[in-house]
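I began with one residue and then followed its partners and other parts of the chain.

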Amino acid sequence: MQELSQFIQTTGFLNVTWGNLVMIIFGMIFVYLGVAKEFEPLLLIPIGFGIIVGNMPGVAQQGLGVMNEGSVLNYLYFGVSKSIYPSLIFLGIGAMTDFSTLIANPRLILLGAAAQFGIFATFIGSILLGFNVLEAASIGIIGGADGPTSIFLASKLAPHLLGSIALAAYSYMALVPIIQPPIMKLLTTKKERLIRMKPLRVVSKKEKIIFPIVAFVVTTFISPGSVVLLAMLFLGNLLKESGVTERLANSARTVLIDVVTVLIGLTVGAKTTADVFLTPATLKIFLLGAFSFAAATAAGVLFAKIMNLFSKNKINPLIGNAGVSAVPASARVSQVVGHQYDKTNYLLMHAMAPNVAGVVGSAIAAGVLLGILGK
């Protein structure tokens, strides 16, 4: 009977709390959104299941949770806490990315830069809401709609908020098709939405090979703190464009990034336990994240309108939303919204320029903040 009593005491039925139940339901909602609504399923399904895993009652008490030293989940989480997974994801993103549109129309870099306004606006807003400067910097990066970069900076400056920040960043990445269109339509006129941009010139292979090397040197001079992310991003692109390392590029953009995505989703979700997540601070983070994302989208659209005041070759401001680094989701939104007004106007390739510029921009912003605050 004593053994039976001990067994019963170790089960989740006696250790469950209301917080566990709330978070398990929350995880199920993430899985539902990924499966039924297809909102970034590659992200939401691993994260949602991870939330369920991390909030199972009795797991932490038996030393099996993410924060229990020596547990399997703890070892897997090492890749998050030391920024290994975000760096490997950047390698895969680089191997997927075609910088041709950015090379062909370099002025669109400015749209990617403008979208970073959301990061710094939220940084100030976070301080006003009572977060310290390190926490505010980590929260601000959510505005870049870049999950790996958010994890990278939060793991360095505010590891206690990493779960909430990562969850907010990935949530807004998944909700790109819902959040961005109303902002884009509100800030543009029908005439602007019908603008047809000039066809892009053909970019040579030599330019594609030289670009990642030069871009890495220039951006790292600007932001040494982001050297790892930028190195992996541009190395992945160089593997793709060189033409002699296709096997490595293919591995980086398929098997490697798929495995890392599963691990980062599972462990970040498992880190989001009830005692960490169900707090006033988390609610503030999600509200600030929504503001940051909206501000970044608006800044990109408005800056495109400003550029049109001084340019003969007009930019369709609908591509300004793509300055956030949710690749390629936000570029697809540019195309979808534009297609609603002119079914023969193809904005996707034009939108990819600020989109990839946004990836680089958010990494640079993270490096700048880390360089200033990291010490």
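Entry 1. I looked up Glu-192 and found a relative accessible area of 16%, under the 20% cut-off, so Glu-192 counts as buried. The structure I am reading is a predicted model. I placed Glu-192 in helix H14, which covers residues 190-193. I then listed the contacts of Glu-192, leaving aside neighbours within four places in sequence, and noted Leu-187, Lys-305, Asn-316 and Pro-317.

What does Glu-192 form with Lys-305? I found a salt bridge, in which the closest N and O atoms are 2.8 Å apart. This pair links distant parts of the chain, since Glu-192 lies in helix H14 and Lys-305 in helix H19 (residues 280-308), 113 residues apart. I also checked the exposure of Lys-305: its relative accessible area is 22%, and the residue is partly exposed.

**Entry 2. Further salt bridges.** I recorded a count of five salt bridges. I looked up the pair Glu-241 and Lys-240, whose side chains meet in a salt bridge at 2.7 Å, N to O. Glu-241 is buried, with a relative accessible area of 11%. Lys-240, at 22% relative accessibility, counts as partly exposed.

I next turned to Arg-253 and Glu-246, where the side chains form a salt bridge at 2.2 Å, N to O. For Glu-246 I noted a relative accessible area of 41%, which makes the residue partly exposed.

**Entry 3. Two helices side by side.** I examined helix H16 (residues 227-242) and helix H21 (residues 348-373). Their axes come within 9 Å and cross at roughly 160°. Are the two helices roughly parallel or roughly antiparallel to each other? An angle over 145 degrees counts as roughly antiparallel, and H16 and H21 are therefore roughly antiparallel to each other.

I then listed the residues that make the contact. H16 contributes Leu-229, Leu-230, Leu-233 and Phe-234, while H21 contributes Val-359, Val-360, Ala-363 and Ile-364.

**Entry 4. Helix H4.** I traced helix H4 over residues 41-54, which is 14 residues. From its first C-alpha to its last, H4 reaches 19 Å, close to the 20 Å expected at 1.5 Å a residue. Which residues of H4 are buried? I listed Leu-43, Leu-44, Pro-46, Ile-47, Gly-48, Gly-50, Ile-51 and Ile-52. I recalled a general point: an α-helix has 3.6 residues a turn, so residues three or four places apart point the same way. The buried residues of H4 pack against helix H3 (18-35), helix H12 (162-174) and helix H17 (246-271).

**Entry 5. An alanine between helices.** I found Ala-115 in the loop between helix H8 (109-114) and helix H9 (117-128). Is Ala-115 buried or exposed? Its relative accessible area is 1%, and Ala-115 is buried. Apart from neighbours within four places in sequence, Ala-115 is in contact with Ala-296, Ala-299, Gly-300, Gly-323 and Val-324. I also looked up the separation of Ala-115 and Phe-303: 188 residues in sequence, but 8.6 Å in space, C-alpha to C-alpha.

**Entry 6. Backbone details.** Before this check I noted that most residues other than glycine have a negative phi, and most peptide bonds are trans. I then looked for places that depart from this pattern.

Which two residues does a cis peptide bond join? I found Val-327 and Pro-328, with omega at about -10°. Pro-328 sits in the loop between H19 and helix H20 (329-341).

Glu-40 has a positive phi, near 45°, and is a residue other than glycine. I placed Glu-40 in the loop between H3 and H4. With a relative accessible area of 27%, Glu-40 is partly exposed.

Ser-83, likewise not a glycine, has a positive phi near 65°. I located Ser-83 in the loop between helix H5 (72-81) and helix H6 (84-96). Ser-83 counts as buried, at 3% relative accessibility.

Conventions
Residues numbered from 1 in each chain as written. Predicted model: local features only at pLDDT ≥ 70, side-chain atom pairs only at ≥ 80, totals over all residues. Heavy atoms only, no water. Axes fitted to C-alpha atoms, helices over the stretch in contact; angles between N-to-C directions. Helix = DSSP H or I, 4+ residues; strand = E, 2+ residues; numbered from the N terminus. Parallel < 35°, antiparallel > 145°, perpendicular 65-115°, else oblique. Contact = heavy atoms within 4.5 Å. Expected span 1.5 Å × (residues − 1). Buried < 20%, exposed > 50% of the residue type's maximum accessible area, 1.4 Å probe, protein only. Salt bridge = Lys/Arg side-chain N within 4 Å of Asp/Glu carboxyl O.
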